[in-house]
Amino acid sequence: MRHLRTFGVICISLFFGLLMTVASTRAAEGGDSANSGVTELFKWINFAILAGLVLWVFGKVLPPTFRGRAQTISSAISKSTAAKVEADRQLREAEDRLAKLEQEVAQLREEAKRDGVAEADRIRKASQSDAERIAIAAQVEIEAAERSARLELKAIAAKLAVDGAENLLAQQLTPKAQESLVAAFVKSLDGRPN
C-alpha cells in the first residue's frame with residue numbers, strides 16, 4: 001500500500017515537472033523577459049519539489065526496504081554460515097570414520113590372518129593327531145595279524161611236526177618194536193602201586 005502511494009506521488013511530481021518543462025519551452029519561444037523570470041522561479045520550485053520528493057522517497061521508503069533486504073541477506077548469511085559449520089562438522093566426522101574404517105579394516109585383516117594361522121595350526125595338529133591314531137591303529141592291527149599269523153604258523157608247524165612224527169613212527173614202528181614197547185609199558189605198570 002505504501003508503495004502505491006509513493007508511486008502516485010512520483011507520478012504526480014513527474015506530471016508537474018513535465019508541465020513546467022512545456023511551459024518554460026513556450027515561454028522561451030515567446031521571448032518574454034517577465035515570463036522568463038516566472039518560468040525560472042517555477043523551474044526552481046519544481047526542482048525543489050522533485051528534489052524533496054526524491055529525498056523523501058530515499059529517506060522514508062528505501063531505508064526500510066534496504067534494512068529488510070539487509071536483514072534477509074544477514075539472515076541468509078548466518079544460516080549459510082551455520083550450514084557450512086554443520087557441513088564441516090559432518091565432513092570431519094566422515095573423515096574420522098573413514099580413517100577409523102581403514103584402521104578397522106587393517107585390524108580385521110590382521111585378525112583374519114591370525115585366525116587363519118591358528119586354524120591352519122589346529123588343522124595341522126588335528127591331522128597329526130589323526131595320523132598318529134591311524135598309525136597306532138595300523139600298528140595294533142599289524143601286531144594282531146602278526147600274532148594270528150604266528151599262532152597259525154605254530155598250528156601248522158605243530159600239525160606238520162605231528163604228521164612228520166606220525167610218518168616217522170609209522171616207518172620205524174614195526175610190529176616187533178610195537179610188542180617190545182607194549183611189554184615195556186606193562187612192566188612199568190607192574191612195579192607201581194595202584
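## Salt bridge between Arg150 and Glu146

Arginine 150 and glutamate 146 are joined by a salt bridge between their side chains, with 2.5 Å from N to O. A salt bridge is taken here as a side-chain nitrogen of Lys or Arg within 4 Å of a carboxyl oxygen of Asp or Glu. The two residues stand 4 residues apart in helix H2, so about one helical turn separates them. Glutamate 146 is partly exposed, at a relative accessible area of 38%; the classes are buried (under 20% relative accessible area), exposed (over 50%) and partly exposed (in between), with a 1.4 Å probe and protein chains only.

## Basis of the model

The structure is a predicted model, in which local features need pLDDT of at least 70 and side-chain atom pairs count only at pLDDT 80 or more, while totals for chains, interfaces and linings use all residues. Residues are numbered from 1 along each chain as its sequence is written, and side-chain values use heavy atoms, with hydrogens and water left out.

## Overall architecture

The chain holds 3 helices and 0 strands, and its elements follow the order α-α-α from the N terminus. Helices (H or I, at least four residues) and strands (E, at least two) are DSSP runs, numbered from the N terminus. Helix H2 covers residues 33-172.

Of the 194 residues in the chain, 6% count as buried. The accessible surface of the chain amounts to about 16,600 Å², and 65% of this belongs to carbon and sulfur atoms. Such areas come from the Shrake-Rupley method with a 1.4 Å probe, and for residues only the protein chains shown count as cover.

## Further salt bridges

Side chains of opposite charge can pair when their charged atoms come close. The count of salt bridges comes to 7. One of them links aspartate 88 to lysine 84, at 3.1 Å from N to O. Both residues belong to helix H2 and lie 4 residues apart, about one turn of the helix. Aspartate 88 is partly exposed, with a relative accessible area of 28%, whereas lysine 84 is exposed, at 52%.

Arginine 89 forms a salt bridge with glutamate 93, and their closest N and O atoms are 2.3 Å apart. This pair also lies in helix H2, with a spacing of 4 residues, about one turn of the helix. Arginine 89 is partly exposed at a relative accessible area of 31%, and glutamate 93 is partly exposed at 34%.

## Nonpolar surface patch

Val38, Leu41, Phe42, Ile45 and Ile49 make up a nonpolar patch on the surface, and their accessible area together is about 440 Å². Patches consist of residues with over 30% relative accessible area and no salt bridge; like charges are joined within 9 Å, and nonpolar side chains (Val, Leu, Ile, Met, Phe, Trp, Tyr) within 5 Å. Valine 38 is located in helix H2 and counts as partly exposed, at 41% relative accessibility.

## Aromatic pair

The whole structure contains 1 aromatic pair. Tryptophan 44 and phenylalanine 47 form this edge-to-face pair, with 6.0 Å centre to centre and 90° between the planes. Rings of Phe, Tyr and Trp (its six-membered ring) pair if their centres lie within 6.5 Å; planes under 30 degrees apart count as stacked, over 60 as edge-to-face and the rest as tilted.

Tryptophan 44 and phenylalanine 47 both lie in helix H2, 3 residues apart, about one turn of the helix. Tryptophan 44 is exposed, with a relative accessible area of 54%, and phenylalanine 47 is exposed, with 52%.
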